[in-house]
Structures are given as structure tokens and as C-alpha cells.
Amino acid sequence: MSTSEPSAILVVFDLVGIFVFAITGALVAVRKGLDVFGVLVLAGTTGLGGGFLRDVLIGATPPAALADWRYLVVPVAAGVLAFFYHPVLGRVERSVNVLDAFGLGLFCVTGALKALDYGLGVVPAALMGMVTGIGGGMLRDLLAGRVPLVFRGELYATPALAGAALAVAGAHADLPTLVVALAGGGLCTAWRLVAIWRHWQAPVPTGPASV
């Protein structure tokens, strides 16, 4: 896999994913009654949090969010959009959930491939892809005072890990980056969308909670 070809493709995927995730974070902030600063903070945290965690963990410093102005402008634009047009976005929440699934697919692929570029093995790279996909949402929920979505039975982390693993496998097979990205991102997105449609949930403990 070349170093120049993936950069352009993955940067575009990264920025699209950041925008989509930032919209979801900003909507949570609006529903919590936060002011414009709170909306922008949650938008930025959701859009950039996963990539920030990944970059720190793999030693890609300074993180892309601090080294490239586009990574800061995109979540700010998404936050401003949600702040002023949240009634419209709220009415199309199902569409936002669909976009969130696509954002998850984009992030799990870009995270895994960037981890590979920094010399991580197959399993750690797949895990970094999952972290990139779910990290921002976890930070968003913690700041908003909610139990993170990935801990509430939603099938979210599993599709991200599966998509990242497929992307890593494709990269090791020297497939073109676009093919790898579409395959891994497509698997994650499709799994997540079907889980939303069919209301699939991860197993949770049964019986009384006291132990």
C-alpha cells in the first residue's frame, strides 16, 4: 500500500466522518440545553475524540486534529449548523442515525489503516480502528452525563471492529486502498444499519442486579 495514495483518500473519509459525528454530538448538546460553547465543545469532542485518542496511542503526534486546520474547521462548522438548524435536524433524526452509521464505517477504516502505517500489527491496528470509531461518542456521552451508547446494548463497537479487521486484512493482501476502505467501511455501515432496523442488541445480564 503506497503512502501517498491513501493519504488523500483517508483524509477525505476522515473529514466526512468528523462532520457526521460532530452533528450528532451537537444535537446531544442542544437537547441537554447547553449554550453555544457547549454545543461546539460536544461537536468537537464527538468528531475529533476518537482520532485524537488513536493518534496519541500510536504515537502520531501532534494529533491530526492539532496539525491540520481542516480538522478543527469541520466540527466547528457542524456545530454551528446544528446550533441554528437543530429543529430541522431533529425532525430527520433517523437520517442522522444513518449518517452516523456511515461515519462509523469511515472512522473504523481510517483508524485501522493509519495504525498500520505506524507499524502496528494486525490485531492492534483493528483495535485502533474500533477506538477511532467509538471514542468520540464515548467522550460525548460522558461529558453529557449519559452512559455511553456502546455500553447500553447497542451493536456499535462490534461492527466497528469487524470493519476495521476487514480493512486490515485487505491492506495486508495489498489490495488498493479505495477497495479496502469501501469493503471495511461497507461491512461496518451495513451491520450497523441492519442492527438499527432490526433493533439488534448485545446480550445483557439477566436476573437481579445485586451480587
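The legends below describe close-up views of a predicted model.

**View 1. Helix α2, its two ends and its bend.** Helix α2 covers residues 36–58, and its 23 residues, at 1.5 Å a residue, should span 33 Å, which agrees with the 33 Å between its end C-alpha atoms. Along this course the helix bends by about 50 degrees at leucine 48. At the start of α2, the backbone nitrogen of phenylalanine 37 has a side-chain oxygen of aspartate 35 within 3.1 Å, while just after the helix glycine 59 adopts a positive phi of about 80 degrees.

View 2. Apart from neighbours within four places in sequence, aspartate 55 is in contact with Ala60, Thr61, Pro63, Ala64 and Lys114. Threonine 61 is joined to proline 62 by a cis peptide bond, with omega about -5 degrees, and proline 62 belongs to the loop between α2 and α3 (64–67).

**View 3. Valine 20 in helix α1.** Valine 20 is placed in helix α1 (residues 4–31) and counts as buried because its relative accessibility is 11%. When residues up to four places away in sequence are not counted, valine 20 touches Leu99, Asp100 and Gly103. The C-alpha atoms of valine 20 and alanine 101 are 9.2 Å apart in space, although 81 residues separate the two in sequence.

**View 4. The aromatic pairs.** The count of aromatic pairs comes to two. In the pair formed by phenylalanine 21 and phenylalanine 107, the ring centres are 4.9 Å apart and the planes lie at 65 degrees, so the arrangement is edge-to-face. Because phenylalanine 21 lies in helix α1 and phenylalanine 107 in helix α5 (residues 93–117), this pair ties together parts that are 86 residues apart in sequence. Both phenylalanine 21 and phenylalanine 107 are buried. Phenylalanine 83 and phenylalanine 84 also form an edge-to-face pair, with 5.2 Å from centre to centre and 85 degrees between the planes. Here phenylalanine 83 counts as partly exposed, at 30% relative accessibility, whereas phenylalanine 84 is exposed, with a relative accessible area of 57%.

View 5. Aspartate 174, which is found in the loop between α7 (157–172) and α8 (177–198), has a positive phi of about 60 degrees although it is not a glycine. With 59% relative accessibility, aspartate 174 counts as exposed. Histidine 199, in the segment after α8, is likewise a residue other than glycine with a positive phi, in this case near 60 degrees. The relative accessible area of histidine 199 is 64%, so this residue is exposed. Arginine 198 lies over the face of tryptophan 197, at 5.5 Å from the ring centre.

Methods. Residues numbered from 1 in each chain as written. Predicted model: local features only at pLDDT ≥ 70, side-chain atom pairs only at ≥ 80, totals over all residues. Heavy atoms only, no water. Helix = DSSP H or I, 4+ residues; strand = E, 2+ residues; numbered from the N terminus. Expected span 1.5 Å × (residues − 1). Bend = angle between axes of the 7 residues up to and from the residue. Polar contact = N/O pair within 3.5 Å; in protein donor to acceptor, adjacent residues only side chain to side chain. Contact = heavy atoms within 4.5 Å. Buried < 20%, exposed > 50% of the residue type's maximum accessible area, 1.4 Å probe, protein only. Phe/Tyr/Trp six-rings, centres within 6.5 Å; stacked < 30°, edge-to-face > 60°. Lys NZ or Arg CZ within 6 Å of the ring centre and 35° of its normal.
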